[in-house]
Amino acid sequence: MRILQLNKSLKFLDDSNNEITLKENIDYIVPEIFLIKINSFGFSKHIVKDDEFKYEERKYKGQDLKRKSVIVFRNGGIGDLMFFFPAVAELKRKYKNSKVVVCCSNKYSDLFLGNDDFDKVIHLPLELEELLKYDYYIQLQGIIEDNKDAETRNAYDLHNERFYVQPDEDNMIPKLFPQKEEINKVEKYIEKDKKNIVIAYAASVPIRSVNPDLYINLIQSLNKQYKDKFNFIIVCTPSQENEAKKILNICDNLTTKIFTGREHKLRELIALVSLSNCVISPDSGLIHIGAAFKKPLIGIYGPFSSMLRMKYYRNAIGLDSKTNCIMGRGEMNCCFQHGEGSCKIARKRAEIYSPCMTLYNIEELIFSLKNLKIIEDEIQ
Amino acid sequence: MNEEELNLILKKQHLTISQLNDYINTFIEIIIEKGLVSKQEIDQRFQHIFRGTYEIGGDIILTKYNVEENENITVK
């Protein structure tokens with residue numbers, strides 16, 4: 001992390017597509033990747049301060065937080081933020097009078113609504129002056145991306161360690177709190193006499209996504225075999241919407257709906273999942289939202305093992321492809337690439353999807369749905 | 001490939017990919033012959049190098065996570 005000051009304001013998109021504004025003459029705490037971006041914009045001449053972020057004395061190392069405050073900062077997606085929910089809940093159980101402030105991207109700050117464990121949510125970029133208002137800080141940047149331990153240890157375990165807590169297994173699942181008005185807005189997607197299966201069209205990057213043909217085959221097969229028993233809701237971002245809608249042209253649109261980020265906010269997605277019967281998703285925020293409601297989950301993984309994310313989830317099945325990929329290493333021979341756009345091997349093969357994510361077929365999904373009792377014997 | 005041959009390779013200023021391929025193949029033949037690794041394992045792990053393709057195969061593993069039962073059950 002660096003302390004950075006510019007003499008001219010700059011607005012740009014970070015790697016997670018969050019809009020970042022650095023105002024002039026203010027000290028910010030930023031990840032090193034921001035410097036590379038700023039240089040690539042030809043903006044380096046406007047950097048008037050670029051110091052190493054130290055403040056070691058304020059780093060949280062398990063001190064007593066009674067009547068103390070701590071700021072947690074993380075620039076990441078939905079999962080990255082939810083991984084520290086159990087740790088913060090445990091911290092608050094341990095130190096009832098403590099204050100926990102989180103600093104994250106504006107895009108995902110609604111995740112914390114209704115959650116009393118967090119006293120305040122502020123948006124990135126983090127000003128140094130803001131950080132110095134609190135007794136301690138917990139810096140989570142790179143805890144998964146730049147951490148060798150993240151190749152063998154579950155994300156929740158890594159975060160608990162950084163917070164110096166160890167919640168018991170009953171408290172290892174993040175909690176979300178949908179509001180009544182949010183539920184009212186999404187009830188139209190749910191069919192009460194059917195099993196409602198929420199499917200993530202894709203992960204945030206192609207490297208972790210499955211070919212949507214897998215979903216098309218699943219929907220067609222289940223509709224044929226179990227008529228009128230299932231309602232499929234495909235969740236997509238605005239940029240995926242046109243592609244996702246093609247599913248409607250192929251599948252029966254009476255049983256398939258598209259839930260798009262263009263029409264709905266994150267809070268409404270949370271409400272939708274709370275009403276559903278099952279979630280199917282590659283590694284994306286949807287898996288973790290489903291886990292928060294203890295919904296039956298099917299997680300589809302390739303570049304890294306489902307165990308690293310789903311180990312503590314209930315009633316969940318992780319599908320992993322163990323391949324002979326040249327990029328792989330470790331027990332499951334995974335490449336552990338998740339932030340990058342697409343798989344290097346896929347690019348060499350002139351394909352979009354990672355080879356490890358294309359090995360799946362509907363038999364594994366149907367087997368999992370039966371195991372989770374979403375497909376029940378009596379409806380066969 | 002004995003130590004002398006290896007030293008000769010290491011003294012080279014440049015190694016073509018074709019030469020590299022030959023040396024690797026020689027090395028692999030020796031270790032298969034010595035029983036250090038099976039031919040099948042080599043084919044599975046390095047086929048993309050020797051065949052010049054990026055064919056990727058593997059198994060799908062299903063793991064059921066259910067902390068209430070306090071264990072992860074591999075169901076397939």
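This is a predicted model: local features need pLDDT of at least 70, side-chain atom pairs count only at pLDDT 80 or more; totals for chains, interfaces and linings use all residues.
Colleague: Hi! Can we start with strands? What is the strand order in the open sheet of chain A?

Modeller: Hello! The sheet has 4 strands in the order 5-1-4-9, and the pairing is antiparallel.

Colleague: Which strands stand at the edges?

Modeller: Those are strand 5, residues 47-52, and strand 9, residues 126-127. Each has a single partner strand, so one side of each has no neighbour in the sheet.

Colleague: How many bridges join strand 1 and strand 5 of chain A?

Modeller: There are 5 bridges, and the two strands run in the antiparallel sense. Strand 1 covers residues 2-6. If you want a spot to look at, find A:Ile3, which stands opposite A:Asp51 of strand 5.

Colleague: Nice. What do the side chains of A:Arg2 and A:Asp50 do?

Modeller: They form a salt bridge, with 2.8 Å from N to O. A:Arg2 belongs to strand 1 of chain A and A:Asp50 to strand 5, so this pair ties together parts that lie 48 residues apart in sequence.

Colleague: And how many salt bridges are there over all chains?

Modeller: The search of the whole structure gives 26.

Colleague: How many of them cross the interface of chain B and chain A?

Modeller: The rule finds 0 salt bridges there.

Colleague: Oh! How much area do the two chains bury between them, then?

Modeller: Chain A and chain B bury about 2500 Å², and 57% of that is on carbon and sulfur atoms. The contact involves 34 residues from chain A and 24 residues from chain B.

Colleague: New topic: holes. How many cavities of 30 Å³ or more are there?

Modeller: The count is 3.

Colleague: Which residues lie nearest the centre of the largest cavity?

Modeller: A:Pro303, A:Thr323, A:Cys325, A:Cys335 and A:Cys356 do, out of 17 lining residues. By class, that lining has 11 nonpolar residues, 6 polar and no charged.

Colleague: And what lines the second largest cavity?

Modeller: It has 13 lining residues, with A:Ile29, A:Pro31, A:Phe34, A:Asn75 and A:Leu124 nearest the centre. They divide into 10 nonpolar, 2 polar and 1 charged.

Colleague: You just named A:Leu124. Is the peptide bond from A:Leu124 to A:Pro125 cis or trans?

Modeller: That bond is cis, with omega near 0°. A:Pro125 sits in the loop between strand 8, residues 120-123, and strand 9 of chain A.

Colleague: Last one: is phi of A:Asn315 positive or negative?

Modeller: Phi of A:Asn315 is positive, near 55°. You can find A:Asn315 in the loop between helix 11 (307-310) and strand 16 (316-323) of chain A.

Colleague: Why point out those two places?

Modeller: Because most peptide bonds are trans, and most residues other than glycine have a negative phi.

How values were computed:
Residues are numbered from 1 along each chain as its sequence is written. Chains are lettered from A and ligands numbered from 1 in the order in which they are written. Side-chain values use heavy atoms; hydrogens and water are left out. On a 1 Å grid over the protein atoms alone, a cavity is a set of points where a 1.4 Å probe fits but cannot get out, and a pocket is an open set with protein on both sides within 12 Å along at least five of seven lines; lining residues have an atom within 4 Å of a point. Grid points are joined across faces, edges and corners, and a volume is the space filled by probe spheres set on the points. Ala, Val, Leu, Ile, Met, Phe, Trp, Tyr, Cys and Pro count as nonpolar, Asp, Glu, Lys and Arg as charged, and the others, Gly among them, as polar. Two strands pair if DSSP finds at least two bridges between them. Contact means heavy atoms within 4.5 Å. Buried area is the accessible area (1.4 Å probe) that two parts lose on being put together, summed over both. A salt bridge is a side-chain nitrogen of Lys or Arg within 4 Å of a carboxyl oxygen of Asp or Glu.
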